[in-house]
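Please keep the sequence and the structure in view while reading.

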Amino acid sequence: MIPLDIFADPVCPWCLIGKARLDNALAARPAHPFVISWQPFQLNPTMPLEGMSRADYLQAKFGQDGAVKMHVQLLEIAQAEGIDFHPERVTHQPNTRDAHRLLYWAGIEHAQGAVMDALLSAHWREGRDISDAATLSEIARAARMDGDLTARLLASDADIDTLATKETHARQRGITAVPTFIVAERHVVSGAQPTDLWIKVIDELSSAPPEATQH
């Protein structure tokens with residue numbers, strides 16, 4: 001099996017698109033060799049814990065024209081690829097520290113895939129606040145985690161330092177944007193790559209001699 005570490009943030013629309021494209025490749029190649037691990041990387045690490053207006057955030061980061069162009073581009077891509085995507089429902093730009101904590105705990109319970117799906121869906125399809133403890137506890141329960149324990153952990157400082165250290169290490173390794181994929185702990189694939197590229201990668205890895213994929 002080959003580790004596939006994915007540095008992502010559920011508030012990044014390219015992470016939604018990148019995951020959908022990767023998922024299509026994995027569905028086309030169900031015998032793929034990947035063991036997937038979602039890694040923390042806050043797109044906006046200085047975002048206030050209470051978040052801010054999505055409109056104000058887009059205006060400050062991209063300007064009015066830039067935000068409109070990005071919105072149109074993302075909608076066109078999502079429509080062309082059949083991705084359920086409703087950015088117009090997102091009115092709040094959250095701080096994702098606690099969402100990443102939940103994702104980290106989900107990794108311990110082998111529920112990361114379900115939790116990342118739920119975080120992306122809650123934000124980009126339902127317009128829910130994924131910094132809200134009740135929302136995160138509900139996502140945990142749906143993924144068959146302990147929702148009450150999650151609520152208690154979220155009310156504490158549990159693993160905040162751990163995730164900060166992991167993210168600092170990622171930035172020191174040169175990761176500056178999401179999504180970033182690291183295959184076999186050494187090959188870096190940046191951005192929301194097309195499904196066909198992932199199928200090609202899987203086919204190459206599956207046909208390579210075992211020593212060629214070891215790290």
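By class, which residues make up the lining of the second largest pocket? The lining has ten nonpolar, three polar and one charged residues. Here Ala, Val, Leu, Ile, Met, Phe, Trp, Tyr, Cys and Pro count as nonpolar, Asp, Glu, Lys and Arg as charged, and the others, Gly among them, as polar.

## Basis of the model

This is a predicted model, in which local features need pLDDT of at least 70, side-chain atom pairs count only at pLDDT 80 or more, and totals for chains, interfaces and linings use all residues. Residues are numbered from 1 along each chain as its sequence is written, and side-chain values use heavy atoms, with hydrogens and water left out.

## The sheet

Helices (H or I, at least four residues) and strands (E, at least two) are DSSP runs, numbered from the N terminus. Four strands form an open sheet in the order 2-1-5-6, with mixed pairing; two strands pair if DSSP finds at least two bridges between them. Strand 2 and strand 6 (187-190) are the edge strands, each pairing on one side only. From one strand to the next, the twist averages 20 degrees; angles run from 0 to 180 degrees between N-to-C directions, and axes are lines fitted to C-alpha atoms, for helices over the stretch in contact.

Strand 1 and strand 2 run parallel and are joined by seven bridges, with Ala 8 opposite Pro 40 in strand 2. Strand 1 is largely enclosed by the rest of the structure, because six of its seven residues are buried, that is, under 20% relative accessible area with a 1.4 Å probe, protein chains only. Strand 5 (residues 180-183) pairs with strand 6 in the antiparallel sense over four bridges, and Ile 182 stands opposite Val 188.

## The pockets

A pocket is an open set of points on a 1 Å grid over the protein atoms alone, where a 1.4 Å probe fits, with protein on both sides within 12 Å along at least five of seven lines; lining residues have an atom within 4 Å of a point. About 390 Å³ of space lies in the largest pocket. Its lining has 21 residues, and those closest to its centre are Ile 36, Ser 37, Trp 38, Gly 107 and Gln 112. Strand 2 gives the most to this lining, with six residues.

The second largest pocket holds about 180 Å³ of space; a volume is the space filled by probe spheres set on the points, which are joined across faces, edges and corners. Helix 2 (residues 54-81) provides the largest share of its lining, ten residues.

Key. Buried < 20%, exposed > 50% of the residue type's maximum accessible area, 1.4 Å probe, protein only.
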